[in-house]
Amino acid sequence: MIRYLESGAAADTRAEADRKVREVVETTLADIEARGDSAVRELSERFDGWSPESFFLTQEEIDQAISEVDPQALEDIRFAQAQVRRFAEAQLASMQEIEVENSPGIILGHKHVPIEAVGCYIPGGGYPMVASAHMSVLTAKVAGVKRVVAAAPPYKGKPHPAIVAAMHLAGADEILVLGGVQAVGGMAIGTESIAPVDMLVGPGNAFVAEAKRQLFGRVGIDLFAGPTETLVIADDSVDGLLCATDLLGQAEHGTNSPCALLTTSEQLARDTEAAIAELLEKLPTAEVARQSWENYGEIIVCDTHEEMLQVANEMAYEHVQVMTENPDWYLENMVNYGALFLGPRTNVAYGDKVIGTNHTLPTKKAARYTGGLWVGKFLKTCTYQKVLTDEASARIGGYCSRLCALEGFAGHGEQANERVRRSGQRDVPYAGQVEA
């Protein structure tokens, strides 16, 4: 039996808010397309108070920003990037190109071709999301992307030094100090000064997410992202303080970040609820985390692990922290999640910042059909075929001819028929078919 001890899920007022966001973004993108740099500059002035001579940083400006970063912070960034790079390189190595003789004289294969130009958005308005530079820019470069444009908004009236350092160290070819819809729109559509990209990646606020949605098709995107989500699955092998810490650690992302505890222990549920109340009295980001917990927090008690598994798969959350006696059971059986964090020694913050896996993950139940950003997202798996002999062409052509006739595609059929004729093996009437 599933019991909801705490359910602060807000009434669904999102539809109207989403409609307004869609309208604003649609108008803004149309303006960028029509007026290019002028529209981008006006938007940057309006929303960020930022209008430099050029939104692109020069090498001198990049060097200046890096010089302002604390040496220990630079070392920490390099360490985090080393972890991300190592894992991305291992993932890339697992992606083998293939070539097989599928039938005698017929060669089929596929190659992994990097996307040529990618725009990476790094949020920096509320929190300077330094780690997002590792996850997007660095992973794209490991994949072999030739041109990576990194964009982040100004922070307190200037480029954020640590974000600039992270983008540069990750390998960004161009760095834009530009935020919001004007950044992703400028990169995707192109302006007089910004050459367009082929793909957009990276998290952002509701307006950035909606801009990526509207631009999808014109360019590729990593995924459709909403507010961050965290699910803690726990039994009585852990305590309420640890569960509360992991829930509030992600609730501080924003006032609409869902966070839930799923447990077989009603005592743990009560202890977690009490610990959350205590932590909210001293957490520096409690103003945001409290709203998130009160409006979108849940505590769900189940009777068995099998029941928790069912609920967790239905929720399909972005981050799933598993703190049970046998966390590997969930690794073996869970199918809908963005990323798993197994055991009490790890946590979502490790994944967000430093451990090496990518933190750009599916939300809003998108984990039912996609994983997160990884090196493979920057590669196109493209097939090819070769027919080596006339005999092989005539043999496959006979099947193709008859199948085209079955569907009524005479022109398609002639492509096969002409090869059969040229092989010298059969005379086929025009728009006819090769007899078996």
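Helices (H or I, at least four residues) and strands (E, at least two) are DSSP runs, numbered from the N terminus. The model is predicted: local features need pLDDT of at least 70, side-chain atom pairs count only at pLDDT 80 or more, and totals for chains, interfaces and linings use all residues. Residues are numbered from 1 along each chain as its sequence is written, and side-chain values use heavy atoms, without hydrogens or water.

The UniProt annotation "binding site", from an unreviewed entry, covers Tyr-121, Gln-182 and Asn-205. These residues are spread over 85 residues of sequence, yet cluster in space, with a largest C-alpha distance of 12.8 Å. UniProt positions follow the numbering used here, feature names are shortened, and annotations may be inferred rather than shown by experiment.

Asn-205 is found in the loop between β7 (199-201) and α8 (206-215). Its relative accessibility is 45%, so Asn-205 counts as partly exposed (buried is under 20% relative accessible area, exposed over 50%, partly exposed in between; 1.4 Å probe, protein chains only). The side chain of Asn-205 reaches the backbone nitrogen of Phe-207 at 3.0 Å.

Gln-182 lies in helix α7 (residues 180-189). At 4% relative accessibility, Gln-182 counts as buried. Beyond its neighbours within four places in sequence, Gln-182 is in contact (heavy atoms within 4.5 Å) with residues including Ile-32, Leu-43 and Phe-47. A polar atom of the Gln-182 side chain lies 3.0 Å from the backbone oxygen of Gly-179.

In helix α10, the buried residues are Leu-268, Ala-269, Thr-272, Ala-275, Ile-276 and Leu-279. Seen down the axis of α10, they fall within an arc of 130° and so line one face of the helix. The arc is that of the directions from the helix axis to the C-beta atoms. On the other side of α10, Gln-267 and Glu-278 are exposed.

Methods:
A polar contact is a pair of N or O atoms within 3.5 Å; within protein, one must be able to donate a hydrogen and the other to accept it, and residues adjacent in sequence count only if both atoms are side-chain atoms.
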